[in-house]
Amino acid sequence: MTNVFDDPRITAVGLLFEAHAGLSARFNAQLEEHGLSAVEFEVITRLARSPGNQLRMTDLAAQTSLSTSGVTRVVDRMERDGLLTRRACPNDRRSSYAVVTAAGMQRLNETLPGHLQMIEQWFTGQLDPEALAALLDGLRRVRDAAHPCATAGSDDVSPEQVAATDGATRRP
C-alpha cells in the first residue's frame, strides 16, 4: 500500500514552507537590527526596484502579501518615519504613488549589505549556478500562476515621464 504522504507534491510544498520559515527567521532578526520589519523591507525594496522608486498604492498591494488597506497602514507608518512619501497620480485623482524618500534609500542601503550576505550564505550560495537558474525559472512560473499580479505596475511610466509627454507616450 502506498503512503499518500510520500507524494512528491506534498514534499515539494513542505520543503518550500520549511525553507521559507527558516530564511524568514534569519532575515527578520537582521532586518530588526536596522529598524525594519519584513513587511517594511518588502515594501521599500519593491519601491526601490521600480521605475522612479515608486508604485501606485494599488500596484504595491498587488505585488506584496498585503491587502490594499494593509498597504495603506504600512505606508502611513513608513511615511511617519520619513522612509516613504506619497505623490498624487497626475492622470488618476483616485490613485496615489508610494515613493521612497532619500532617508528610505539610505536605510535600505544600510540594510542591504548584511541582507545580501545572508542571502548568499543561507540561500543562493547553497546552489550551483545551474541549480540557481533552474530554481529562479521554476519560482517565476509558480509565482506567475499563483500570483499573476505580482509584477503589477513594474512597467508603468513615472508621473514625470507622463507629464513630460502629456500622457501621449507609454513604454511597452
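A residue is called buried when its relative accessible area is under 20%, exposed when it is over 50%, and partly exposed in between, using a 1.4 Å probe and protein chains only. Keep that in mind as we walk through this predicted model, in which local features need pLDDT of at least 70 and side-chain atom pairs count only at pLDDT 80 or more, while totals for chains, interfaces and linings use all residues. Residues are numbered from 1 along each chain as its sequence is written, and side-chain values use heavy atoms, with hydrogens and water left out.

Let's begin with the sheet. Helices (H or I, at least four residues) and strands (E, at least two) are DSSP runs, numbered from the N terminus, and two strands pair if DSSP finds at least two bridges between them. Here three strands make an open sheet with antiparallel pairing, in the order β1-β3-β2. At its edges you will find β1 (54-56) and β2 (84-88), each of which pairs on one side only. On average, neighbouring strands are turned by 25 degrees against each other, direction ignored.

Now look at β3, at residues 96-100, which pairs with β2 in the antiparallel sense over five bridges. Along this pairing, A88 stands opposite S96, and T85 has V99 as its bridge partner. With β1, β3 pairs over three bridges, again in the antiparallel sense; here R56 is partnered by Y97. Strand β3 is also mostly covered, with four of its five residues buried.

What lies across the strands? Helix α2 (residues 38-48) lies across β1, β2 and β3, and runs at about 95 degrees to β3. Such angles run from 0 to 180 degrees between N-to-C directions, and the axes are lines fitted to C-alpha atoms, for helices over the stretch in contact. Helix α4 (residues 68-80) packs on the sheet too, touching β2 and β3, and its direction makes about 115 degrees with that of β2. Contact here means heavy atoms within 4.5 Å.

Helix α2 has a helical neighbour as well: α5 (residues 102-122) packs against α2 at an angle of about 105 degrees, with the axes 11 Å apart. The two helices are therefore roughly perpendicular to each other, a label for angles of 65 to 115 degrees; those under 35 count as roughly parallel, those over 145 as roughly antiparallel and the rest as oblique. From α2, the residues in this contact are F41, I44, T45 and A48, and from α5 they are G104, M105, L108, T111, L112 and H115. By class, the contact has six nonpolar, four polar and no charged residues. In this scheme Ala, Val, Leu, Ile, Met, Phe, Trp, Tyr, Cys and Pro are nonpolar, Asp, Glu, Lys and Arg are charged, and the others, Gly among them, are polar.

Finally, let's turn to the charged side chains. A salt bridge is a side-chain nitrogen of Lys or Arg within 4 Å of a carboxyl oxygen of Asp or Glu, and by this rule there are eight. One of them joins R9 and D7 at 2.5 Å, N to O; R9 is exposed at 63% relative accessibility, whereas D7 is buried at 18%. Another links D92 with R94, whose closest N and O atoms are 3.2 Å apart, and R94 is exposed at 77%. R143 and D144 meet at 2.7 Å, N to O, and here R143 is partly exposed at 30%, as is D144 at 42%. Salt bridges with shared partners also join D76, E79 and R86 into one network.
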